[in-house]
Structures are given as C-alpha cells and as structure tokens.
Amino acid sequence: MIVEIKDLSVRFSTGRTALQALDEVSFRIEQGARIGFVGESGSGKSTLANTLGRLLPTSAVIEATTFSVGGQAVNQLSSKALRHLRRDTIAYIFQDPMAALDPTMAIARQMRLVLSEDDASLSDRLVGVGIRDPQRVLSSYPHQLSGGMAQRVTIAMALMRRPRLLIADEPTAALDASLKREVMDLLFARCAEIGAAVLFVSHDLPLVRHYCDKICVMYAGRIVEQRKTAALFSSPAHPYSRALLGAEPGAAKFGERLVAIPGVPPALYEPTNQCAFAPRCPDAQIACSQRRPEDLTVDGGCAKCLFPNTAELREQA
Ligand SMILES: Nc1ncnc2c1ncn2[C@@H]1O[C@H](COP(=O)(O)OP(=O)(O)O)[C@@H](O)[C@H]1O
Ligand SMILES: [Mg+2]
C-alpha cells in the first residue's frame with residue numbers, strides 16, 4: 001500500500017471564516033495502481049493532491065485518523081523527513097509546466113539539480129518522454145520551449161528519482177487536444193516501467209477512464225463514490241456520478257451533462273449534517289437533508305448516498 005487515508009479533513013482558516021475543503025475523505029492506493037479523481041471545479045481535488053505532500057499554505061488545518069504515504073505518517077513528519085518524502089517518494093506534475101520550471105535556468109541545469117547526471121543520461125531521459133532533439137532542449141530555457149515540450153520535460157524530471165507515487169493535477173490542461181493522449185501515454189508508460197502509482201486529477205473523463213483502474217468522484221470536499229472504472233461507467237451508484245457520466249451508461253460527454261445539473265456546488269463553511277448534493281439532487285428525499293450519508297458497499301467500491309438507484313444498494317440502506 002503506497003497511500004492509506006482515513007477520514008482526512010482539511011480546513012482553510014482565513015480571518016474569521018473557515019472553509020471545509022476536504023470533509024472526511026478515505027481511500028487507498030496500492031503499489032503501482034492508477035487512481036483518478038474527478039468532480040467539478042472547487043470540489044477539493046487539488047487540495048487533496050497537495051495535502052498528500054503537505055504542500056498546503058499555513059492557513060490549512062489537516063486532521064485525519066490515518067494519513068500514510070509510503071508507510072510514513074505524513075501529518076507527524078519533521079520538516080526534514082517531509083523534504084525526503086517529497087524528494088524520494090512523491091513527485092508532482094501540475095497544470096502549467098512553465099510555472100513548474102525555473103525561467104532563469106537552462107533545462108540541463110534544472111535537471112541536474114534533481115539528479116546529477118551527464119549529458120548523455122539526461123538526453124536519454126528526454127528521448128524517453130518523446131523529445132526528438134534532446135540536445136537542443138537541454139540547452140534551452142523554458143520560454144524557448146512549447147507547452148507540450150515543457151510538460152514532457154517536467155514529466156522526465158518528476159520521474160528522475162523513481163518516485164513511488166506520481167501526482168498529476170490536470171496535467172493536460174495546457175496541452176492541445178492532439179497532444180493530450182500522446183503525453184499521457186508517455187506518462188503512464190514511464191510510471192508503469194518504474195512501478196510508480198499514479199494519482200491523476202482531471203476534468204477529462206474519457207482520459208481518466210482510459211488510464212485509471214479506479215475512480216473517485218468528488219463533490220463538495222467528499223468522495224461521494226469510489227469504484228473500479230468499469231463498474232462506475234456501467235452502473236454509477238451516486239446521483240452525482242450519474243449526472244457526471246450522462247444518463248446513458250458509457251456516455252462520454254463529460255462537460256455537457258454537467259452543466260445540465262441545476263444549481264451550483266455549495267461553499268462549505270462547516271461540515272454539514274446532510275448530503276451536500278441534496279439541494280441539486282433529482283432523487284432527493286426529506287431524509288437527505290437530515291442525515292449525513294455514510295459509505296455503502298457497491299460492486300467494485302462504495303458510494304455515499306442514502307437512496308442510491310441500484311437495487312443492490314437499496315437493500316443495504
Ligand atoms: N489556499 C486556500 N485558501 C482558502 N481556500 C482555498 C485554498 N485553496 C483552495 N481553497 C478552497 O477549497 C475548495 C477546494 O478547492 P480545490 O481543491 O482547488 O478544488 P478543485 O481542485 O477540485 O477545483 C474551494 O472552495 C477553494 O476555494
Ligand atoms: Mg484543481
């Protein structure tokens with residue numbers, strides 16, 4: 001097990017108000033597994049990704065029953081142990097590769113700060129992420145590279161120290177549609193080679209479906225459903241997942257169905273004692289605004305809903 005998280009909550013305190021960005025999130029990632037996180041903007045995906053490496057501002061208060069990455073209790077690590085965790089166990093790839101690279105340094109020099117290697121080895125690494133003119137790229141500054149090229153470089157750098165967990169937060173957001181698949185193919189292939197698990201955050205549901213074994217659907221700081229990929233697509237249990245996936249099982253029109261859900265997600269100022277989706281849910285009952293749904297077991301995972309639509313779930317509820 002590379003990640004084990006139980007009842008993880010994160011609150012941002014700003015002045016007099018506090019915002020509950022994560023509300024009792026629980027999940028695990030096995031060695032080498034590929035897990036996807038999907039959900040509307042503001043649902044807490046980036047907060048979760050950043051919490052794993054404790055990359056949060058000081059205004060964040062983290063609470064958890066279990067918070068383990070690479071066998072270490074992340075919430076109790078000294079700053080030195082935390083640096084080791086970020087250097088050796090976890091690697092990140094973010095949305096904007098230009099922001100991840102240092103604009104004042106040539107690529108070769110930046111790569112050597114990660115791992116001191118000769119030019120031939122660095123070239124090999126760049127070839128490994130599909131760069132055909134590695135010598136030119138090594139001597140380039142970030143502004144001289146295209147977005148796709150820069151993201152390939154950040155992938156190569158992220159994998160240099162053979163992390164056990166790669167966290168990729170919307171890594172394709174800055175790439176042309178034609179490049180997305182190519183860059184993601186490389187990312188997942190390289191991770192498979194070194195046995196790294198991947199936590200993939202994306203708005204692009206078909207992409208998550210293609211690459212991930214398991215998917216967590218987030219809503220208002222909670223994981224409302226987590227399922228094996230095929231199970232989620234064939235029989236989404238939570239009404240929010242169904243709305244995301246579209247009415248037809250297997251429909252891949254992610255964004256289109258999403259805008260058809262009336263209302264907006266709540267800003268959570270405190271943990272609520274109701275289902276956070278209840279105000280927007282087409283199937284909501286009175287109990288949904290009186291009780292907090294716990295996880296119910298479903299085929300290939302679990303869902304947090306008092307009245308899910310599948311027969312199997314209704315029996316347990
Ligand atoms: N540094 C921060 N300070 C205060 N609130 C934050 C901070 N970062 C994120 N939030 C809030 O936490 C919630 C979740 O945000 P985020 O994790 O970025 O969602 P997502 O990545 O799913 O779009 C949002 O309401 C956002 O405004
Ligand atoms: Mg985000």
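A residue is called buried when its relative accessible area is under 20%, exposed when that area is over 50%, and partly exposed in between, judged with a 1.4 Å probe and protein chains only. The structure shown above is a predicted model, in which local features need pLDDT of at least 70, side-chain atom pairs count only at pLDDT 80 or more, and totals for chains, interfaces and linings use all residues. Residues are numbered from 1 along each chain as its sequence is written, chains are lettered from A and ligands numbered from 1 in the order in which they are written, and side-chain values use heavy atoms, with hydrogens and water left out.

Of the 8 residues of H1, 7 are buried, namely Lys45, Thr47, Leu48, Ala49, Asn50, Thr51 and Leu52. Just after this helix, Arg54 adopts a positive phi of about 50 degrees.

The shell includes Phe12, Leu19, Glu40, Lys45 and Pro57, and its largest share, 3 residues, comes from H1. By class, 4 residues of the shell are nonpolar, 6 polar and 2 charged; here Ala, Val, Leu, Ile, Met, Phe, Trp, Tyr, Cys and Pro count as nonpolar, Asp, Glu, Lys and Arg as charged, and the others, Gly among them, as polar.

One lies 2.7 Å from a polar backbone atom of Gly42, one is 2.9 Å from an N or O atom in the side chain of Ser46, and one is 2.5 Å from a polar side-chain atom of Thr47. Taken alone, ligand 1 exposes 560 Å², and the protein buries 64% of that, with accessible areas from the Shrake-Rupley method and a 1.4 Å probe.

Finally, the cysteines deserve a look. A disulfide is a pair of cysteine sulfur atoms within 2.5 Å, and the count comes to 0. Cys281 forms none because its sulfur is 6.3 Å from the closest cysteine sulfur, in Cys305, too far for a bond. For Cys302, the nearest cysteine sulfur, that of Cys216, is 8.2 Å away. Both Cys281, at 17% relative accessibility, and Cys302, at 16%, are buried.

How values were computed
Near = heavy atom within 4 Å. Polar contact = N/O pair within 3.5 Å; in protein donor to acceptor, adjacent residues only side chain to side chain. Helix = DSSP H or I, 4+ residues; strand = E, 2+ residues; numbered from the N terminus.
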